[in-house]
Amino acid sequence: MWAYESVFYQIYPLGFCKAPFENDGVREHRILKVLDWVDHIKKNGFNAIYFSPVFESDTHGYNTRDYTKVDTRLGTNEDFKKVCDALHKEGIRIVLDGVFNHVGRGFWAFQDVLQNRENSRYKDWFYRIDFGGNSNYNDGLWYEGWEGNYDLVKLNLRNEEVICHILEAVRGWIEEFDIDGLRLDVAYCLDEEFVRRLRGFCDSLKTDFFLLGEMLHGDYNRMVNDSMLHSATNYECYKGLYSSFNSMNMFEIIHSLLRQFGPENWTLYKGKHMLSFVDNHDVTRVASILNNEKHLPLIYALMFAMPGIPCVYYGSEWGAKANKSEGDPALRASFDAPQENELTEWIAKLAEAKKKSEALNYGDFRSVLLTNKQCIFERKTANERVLAAINADGEEFVAHFDAGCGQAVDLITGDIHDFGGGSHLPPYSAALWKMER
């Protein structure tokens, strides 16, 4: 699967393009702004892009009005086709947000229900409508909203017409934009049989079509398996990544990684490829959540070296800041142009190392050395062995361990590393040592 060897870049289009929050119905060709970023995306090593919602919605994109039409605030389907063509021309794959658990109140079929009530032919398209109840919108009917949010109307994914409507929309996205995959919003809420139907349908249209699910907690294997999703968002390790640096306790993240991918038979996700991230459109940007800015390059090194598919959120590659407490619009900012600095260059080097390394893409995980402030772990296949070393301390650390060889090349810097006399890790440093056979 191409995704397992990719480095993802996430864009939240409505914020990225500075679209108004409310859908004002005024068409602006804002999505074409992505064209100005293609060189930046490619230059810095990203070969897959995940777009948060692009289809017509009421406000933030996750309250869909029309699955077949690019949001008016972003432009036209033709505009988005130009963007997709430009990205594909540069070898960049495209994954779109599939918001299938719920729709917005502006969704055409729900509007029909509001107008025609019991006589609407679409009344069974939605989950648990009660015409004798009410919601905080005072419509004179009750319906289930996602997590009690009545602007997000839950679909009935056991209704064959609903399923066919969604599958035909996906067919249209593949035929019109040649998309390469979907990220399923709140996948943990989706009907499991629907997900199986979606997987089989997508496989029939495009054999290497990638399905990623938004999963927060629980056993990801429930959704990530041969008949459902290829991958899930690794929220368990997301928390462990920044918390390990802020508490100077590398045991936390290594414990999570061993639990998920370690050498023991009971590990949960050995051989699977979860989506790794240090921030996204829903959480505080990593540059704002870390207590020590010198840990910023290190958390990216750890994220790229651990098992999984690394994903970088637009703007964070140069250290943009935003806190969740400021509200979602702050997390989904518009930048006039891409910026580049030492952090951007560092991430670009990590991206190239990841894409070119069999061990970093497919290797087993084993902890080699672990203290509160340092960790060294191994990624290994039959053909390649890489050691990732992190020193989160402001002092040099000398690591003594059996490397199994005399020398290695650092995949980030290209320098030769000699293991004789112990491995000297400079303050606030990271290395990816490709071991000699």
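**Figure 1. The lining of the largest pocket, by residue class.** Eight nonpolar, four polar and seven charged residues make up the lining of the largest pocket. Here Ala, Val, Leu, Ile, Met, Phe, Trp, Tyr, Cys and Pro count as nonpolar, Asp, Glu, Lys and Arg as charged, and the others, Gly among them, as polar. This is a predicted model, in which local features need pLDDT of at least 70 and side-chain atom pairs count only at pLDDT 80 or more, while totals for chains, interfaces and linings use all residues. Residues are numbered from 1 along each chain as its sequence is written, and side-chain values use heavy atoms, with hydrogens and water left out. The pocket holds about 330 Å³ of space. Of its 19 lining residues, Tyr62, Trp146, Asp185, Val186 and Asp282 sit closest to the centre. Strand β8 (residues 149-154) gives the most to this lining, with three residues. On a 1 Å grid over the protein atoms alone, a pocket is an open set of points with protein on both sides within 12 Å along at least five of seven lines, whereas a cavity is a set where a 1.4 Å probe fits but cannot get out; lining residues have an atom within 4 Å of a point. Grid points are joined across faces, edges and corners, and a volume is the space filled by probe spheres set on the points.

**Figure 2. The largest cavity.** The structure holds two cavities of 30 Å³ or more, and the largest has about 110 Å³ of space. It is lined by 13 residues, with Gln10, Tyr50, Thr233, Leu275 and Asn280 nearest its centre. By class, that lining splits into six nonpolar, four polar and three charged residues.

**Figure 3. The second largest cavity.** About 40 Å³ of space lies in this one. Its lining includes Pro53, Phe55, Tyr67, Asp97 and Trp173. β4 (64-70) and β5 (93-98) each supply at least two of the lining residues; strands are DSSP runs of E (at least two residues) and helices runs of H or I (at least four), numbered from the N terminus.

**Figure 4. Helix α7 against helix α8.** The axes of α7 (residues 235-246) and α8 (residues 251-261) come within 8 Å and cross at roughly 155°. That makes the two helices roughly antiparallel (an angle over 145 degrees). Axes are lines fitted to C-alpha atoms, for helices over the stretch in contact, with angles from 0 to 180 degrees between N-to-C directions. The contact as a whole divides into four nonpolar, five polar and four charged residues.

Terms used
Angles under 35 degrees count as roughly parallel, over 145 as roughly antiparallel, 65 to 115 as roughly perpendicular and the rest as oblique.
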